[in-house]
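Me: Got a model I'd like to go through with you. Can we start with the surface and then work inwards?

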Amino acid sequence: MTERFLRAYRLELRQIFRQWSYWLIQGLLVAYIVSTYGRYSFSAQELLWAGAGRNVMGIGTLLALMFAAFSAGRARRNHAAVLEDALPVGAELQLGRLFALMTAMLPFMASGIIVAWMAGPAESFWRGLPVYVLESGLSLAFVVLAVWLLDVTVGIRRWMYILLVMLWLGAIFTVMAASHPVSGAWVMPLNFTRLGYSGFNVYWERTTQGAFPWLLNGFYAGLVLLLFGLIVWAVQRRRLLPVSPLVYIITAGGLLIALGCYGVYGVRYMQTNWRVQFYNDPLVTNVYLPDSRPEPLPYAVTRYNIALDVSETPAFVVEMDVLNTGDVPLAEVSFALLNALRISTASVPYEHADDRLTLRPETPLAAGETLTVRLSYGGEVAFYSYIMASAPEMSSFITPHGIGLHHAVSWYPRVGISEMSAFNVNGQPAHIRLAVTGTDLTLVSNLGDGEGGVFEADDAYKVWLAGSPLIRTYPLMEGVTVIATDSIYPQLKLYLTPIFTQSLPVMKRYFPEEYRLGSPWERWNPYLTHNMASEIIYALVVDLLHADSSSRLTSDIAFFIALQVQYDDADVLRGVMAKLSKGEFESGISYFLFHIYSATAARPDTVNRLIDVYAAHGMDGTVPLVTAMREAYARLYLLPQAEVVAWMDAWIAENLGDV
Amino acid sequence: MYKPVAWYEAKVIHGFSALLPALILPAFAAIGILAWKPYGHVPSMEDVLGLFIMALPLIGGLASAHLMSIEREENFDALRRSYPEPSWRLPLVRLAGTALLLALSVTACLLLLRVVGCYYTVDEVVRPALPATLFMMALAQLVNNLTGSQPVGVVAAVGYWVMEMQTGGEYTGILYLFRAAGGISDYTPEQNGAALLTAAFALLALNVGWSIRRRSMGG
């Protein structure tokens, strides 16, 4: 039997390897993946787990569908299926071919491996390889087995190639159901192609996704066992041969594993989706950006002393000085504080509901007076955010594998707002000290270089904390510190050094305030896609002087760098900044940069024309032009750059006269 | 004489391999009726245009991926090549037959969309998608003819379409399939449409040329 199996294996392998189209497709796939992903500065692990790897799996499953259908249907196509059934052999003949086909499909993974190896570094490559091999192997095996089962039951016909392609397309389009709390939960795991969002993060890998990736792998591992058992059962039965009890055990085991993982996946998906979409869950709320920045309130916190113990259930002790900055006494002061964190003790009377903490001192807080408040609170921090075309992910969390505490989720009392918001209304910077105990993770914060888990800064508007075994801080150059991992820092350094060498003097002129930029997971910036440029934004800590930034400055710099990244040589941006240096900004530079970015799609000629208008007419001329461009965006978007400039010139001539 | 030939070609062309992709558009419209009608939602012209621009080239490619290998896969290729017919006729007749099927599919889709209040004309929502559709049909047909294999033709059509979706025309430039849907480009939709039509006719000519060569070589 073994000999028959091996002979069938070798013969099938020879059949496939003799097809020139097989090698042509392999070559084309490698060329496409390497040319598409080889030029970006991804780390090897990210390439294997996210972009290139997902693409290889997606295209690989399509190719596997076609090759499997072609190979499995060969006997029937050649009118030899009945003759084969009459041969005095069991399932070993089919299994030999089946395993040969699986073997022949494995090289389809090679393009992902090649591009990842080219990107390096080796440590990142080896870290990512096992999961990539496992997941792509599961996907390819599932596809091959499913097609083979189709052949041994109903038979492959020519029109089924089209049907299989339509199923493949349908699997990809399951993402359209992703945001629905019920159907998304049960439809999303059916995307056997794995094409699409992967949720990889360079700092926390897949910690933010919880158990979802492994439940999905379990589901497909179960299906592979189930299909394998069904194929053997169907072949043996068709040939009137006995079926071994082991086949039943494998089939039943596969069915149980698949159903179990599918069920748990679906239920958890519904839970998290439900939490994010319906605000009332105490554990989960949405961070959102209000349309306008809130006005500062008549009180501010001038000092925070935060102690966080993460050894068991996270426990916080916060001491803060609240200053009445207004002219009238305050009977109560409000802060945002996450509902999931339950207050155990407080030095002043309080009320905590709907993410809002209200303190009511026994005597009203007089103008200019400072009140020292001490709070103890704790609870599990697992703050989920909506992710397009995927299950919600934790954006702020404390787990043994990683810590991510974004200021916007209000894990410490933030001045004045009840909704979770990235904006800051603390009227003045505070002295903030954060001491973290109970973890071996490497910790970083915007408060500077912490030693022994203690971070401290004099003039900070906010505080965020990140912890990971992979995370490091690297001094890129004087005044610029980068938070990154070993796997991405070499590329990050190559990428950032020329940018900051050239533009640091310009940036200092525009951002003279003391600030520190960037939390590693500020993914709310909608103008950056998931590539190295976005990782830079997440990774940057620009420490020009020594302290913190307001949200406005953070977005200013984000736009600055986004624009700079958009232009290959940054010449246009330097020109932009030189021209802008002639004026003052009523609404802040981020307003200007935002509109340049969104209204002109950052095309150099259109940007330059906008700058000309600014130089001649200031914001009074620029804002109406930008507004008109945004209103006509659907039409302008279709036009070549020269015609957009011509459209702008016509508008300028009609509304402003000459520039 | 032409009637039996047309009847035979219609049967060969309009098998499940062509009918299945042709059903995508009517099926989408039917599902759309179920989803939109209860809420009174009327898809905008841009939405419907986007649907045709994205879907029609793929459907055309899939429906054409088997046309030139039917005789070879059914093992009567040599017999067919002995027929007293011009070599250029087979590729053109099969392309025309598929085009007819697609026209029926588009018509059914547009009629169904009227149920939810979409009274858009062919000129408004279908015409911009035609150059890319013809290009994909010619491409799939040529690959199918060169390889004699339907799966390879299918992979070529879907692979090309996916590559265009993913790269936004980075490798194809003026031949970008979805230029008519908008986006940043140095080419106008008219230039793009003209280039696609030219390329489609070039591929068709290659297809005809290859058919003539196969007959003359006897292989």
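**Surface patch, then the core**

Reply: Trp20(A), Leu24(A) and Leu28(A) make up a nonpolar patch on the surface, and together they have about 340 Å² of accessible area. Patches take residues with over 30% relative accessible area and no salt bridge, joining like charges within 9 Å and nonpolar side chains (Val, Leu, Ile, Met, Phe, Trp, Tyr) within 5 Å. Areas come from the Shrake-Rupley method with a 1.4 Å probe, and for residues only the protein chains shown count as cover.

Me: What should I know about the model and the numbering?

Reply: This is a predicted model, where local features need pLDDT of at least 70 and side-chain atom pairs count only at pLDDT 80 or more, while totals for chains, interfaces and linings use all residues. Residues are numbered from 1 along each chain as its sequence is written, chains are lettered from A and ligands numbered from 1 in the order in which they are written, and side-chain values use heavy atoms, with hydrogens and water left out.

Me: Which side chain does Arg54(A) meet in a salt bridge?

Reply: Arg54(A) meets Glu135(A), at 3.8 Å, N to O. This pair links distant parts of the chain, with Glu135(A) in helix H9 (residues 122–153) and Arg54(A) in helix H4 of chain A, 81 residues apart. Glu135(A) counts as buried because its relative accessibility is 2%, and Arg54(A) is buried too, with a relative accessible area of 9%.

Me: And what joins Glu135(A) to Arg194(A)?

Reply: Another salt bridge, 3.7 Å from N to O. Here Glu135(A) in H9 is linked with Arg194(A) in the loop between helix H11 (183–187) and H12 of chain A, 59 residues apart. Arg194(A) is buried at a relative accessible area of 3%. Arg194(A) also has a positive phi of about 60°, although it is not a glycine.

Me: Which other non-glycine has a positive phi near 60°?

Reply: Ser410(A) has one. Ser410(A) lies in the loop between strand S10 (402–405) and strand S11 (414–415) of chain A, and it counts as buried because its relative accessibility is 0%.

Me: Which peptide bond is cis?

Reply: The one from Gly120(A) to Pro121(A) is cis, with omega near -10°. Pro121(A) sits in the loop between H8 and H9 of chain A.

Me: Switching to chain B. Which residues there are linked in a network of salt bridges?

Reply: Glu9(B), Glu71(B), Arg80(B), Glu85(B), Arg89(B) and Arg94(B). Asp123(B) and Arg127(B) also meet in a salt bridge, at 2.6 Å, N to O. Asp123(B) is partly exposed at 48% relative accessibility, and Arg127(B) is partly exposed with a relative accessible area of 47%.

Me: Now the rings. How many aromatic pairs over all chains?

Reply: The total is 33. Rings of Phe, Tyr and Trp (its six-membered ring) pair if their centres lie within 6.5 Å; planes under 30 degrees apart count as stacked, over 60 as edge-to-face and the rest as tilted. Ring pairs also link Phe142(A), Trp186(A), Phe192(A), Phe219(A), Tyr220(A) and Tyr262(A) into a cluster.

Me: Which ring does the charged end of Arg77(A) sit over?

Reply: That of Phe70(A), 4.1 Å from its centre. Arg206(A) lies over the face of Trp49(A), at 4.8 Å from the ring centre. The test is NZ of Lys or CZ of Arg within 6 Å of the ring centre and within 35 degrees of the ring normal.

Me: Last one: is H12(A) mostly covered or mostly open?

Reply: Mostly covered, as 19 of its 27 residues are buried.

Definitions and conventions: Buried means under 20% relative accessible area, exposed over 50%, partly exposed in between (1.4 Å probe, protein chains only). Helices (H or I, at least four residues) and strands (E, at least two) are DSSP runs, numbered from the N terminus. A salt bridge is a side-chain nitrogen of Lys or Arg within 4 Å of a carboxyl oxygen of Asp or Glu.
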